[in-house]
Amino acid sequence: MQHPPPNPRPPTVIAVDGPAASGKGTLARAMAAHFGFDYLDTGLLYRAVAYFGEVTPPVDAAAELAAATLARVTKLAASLDPQRLNDPHLKSEKIAAAASYIATFPALRAALRAYQVNFAQTPPGGLGAVLDGRDIGSVICPDAKVKFFITAAVEVRAKRRFLELYGQGHKVVYAAILHDLIARDRQDSGRQTAPLTEAKDAIRLDTSTLSLEDARDFVLAKAQVQLS
Ligand code: C5P
């Protein structure tokens, strides 16, 4: 008698959400390295669509995107080449603002959903996936085994982003970065579709006064407990 093959274990998913520059990317990467999981920075998907789709946010943030532009960028999102996520141009604050703008459109979010769900379900290494973003625990991977919500005071986040960009040799002004982060927080938390939300079952960590080492120890210990 033939037995069906045993069900392979589905990959483990860790969801990490939070506002920009909260430290979520660094902590997500640390968890992926520690547990041998694959990592996806989902913000890069929105940034890539904004950059390669040549989207400029309108002065009036409430203005609609032209239907033809939305159709074009949605098509781009549905067939995004992972190689494009490595483009250094994606890192700028200008592209972040454009990404936050296009992220308000439900059709665009739907087009990027498949990429993220596919990564979570079939990560390249097969063991598990860590995804960071704004709606991972609430919309993309609501059944994730572990969920984190990483936050920090906006002034602390602006200072971190300033030092990061300054360290990379960019000409940056702290007040401008603070202004941009406040605007992006407002847009990401206020949009109707998949706003930045803290999932009910997420572990919350405020990194405002924590060293990177302490924040990393905290998430690794929490994740370890939930995964065992
Ligand atoms: O994470 P990052 O700051 O690179 O994301 C850029 C923008 O992409 C965010 O401000 C947000 O509007 C959007 N985003 C999103 N959902 C995600 C990841 C990013 O809406 N899961």
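**Overall fold and ligand site of the predicted model**

The secondary structure of the protein amounts to nine helices and five strands, where helices (H or I, at least four residues) and strands (E, at least two) are DSSP runs numbered from the N terminus. The structure is a predicted model, in which local features need pLDDT of at least 70 and side-chain atom pairs count only at pLDDT 80 or more, whereas totals for chains, interfaces and linings use all residues. Residues are numbered from 1 along each chain as its sequence is written, and side-chain values use heavy atoms, with hydrogens and water left out.

Read along the sequence, the elements follow the pattern β-α-β-α-α-α-α-β-α-β-α-α-β-α. The C-alpha trace spans about 70 × 45 × 30 Å along its principal axes. For 228 residues, a compact globule would have a radius of gyration near 17 Å, and the 18 Å of the protein agrees with this; the radius is taken over C-alpha atoms, and the globule rule is 2.2 Å times the number of residues to the power 0.38.

The ligand is surrounded by 15 residues, of which the closest are R47, R109, R134, R184 and D188, a residue being counted if one of its heavy atoms lies within 4 Å of the ligand. This shell divides into three nonpolar, four polar and eight charged residues. At least two shell residues each come from α2 (43-52), α4 (93-102) and α8 (174-190), and α2 supplies the largest share, three residues.

An oxygen atom of the ligand lies 2.6 Å from an N or O atom in the side chain of R47, while the corresponding distance is 2.9 Å for R134 and 2.9 Å for R191.

Notes: Polar contact = N/O pair within 3.5 Å; in protein donor to acceptor, adjacent residues only side chain to side chain. Nonpolar A, V, L, I, M, F, W, Y, C, P; charged D, E, K, R; others polar.
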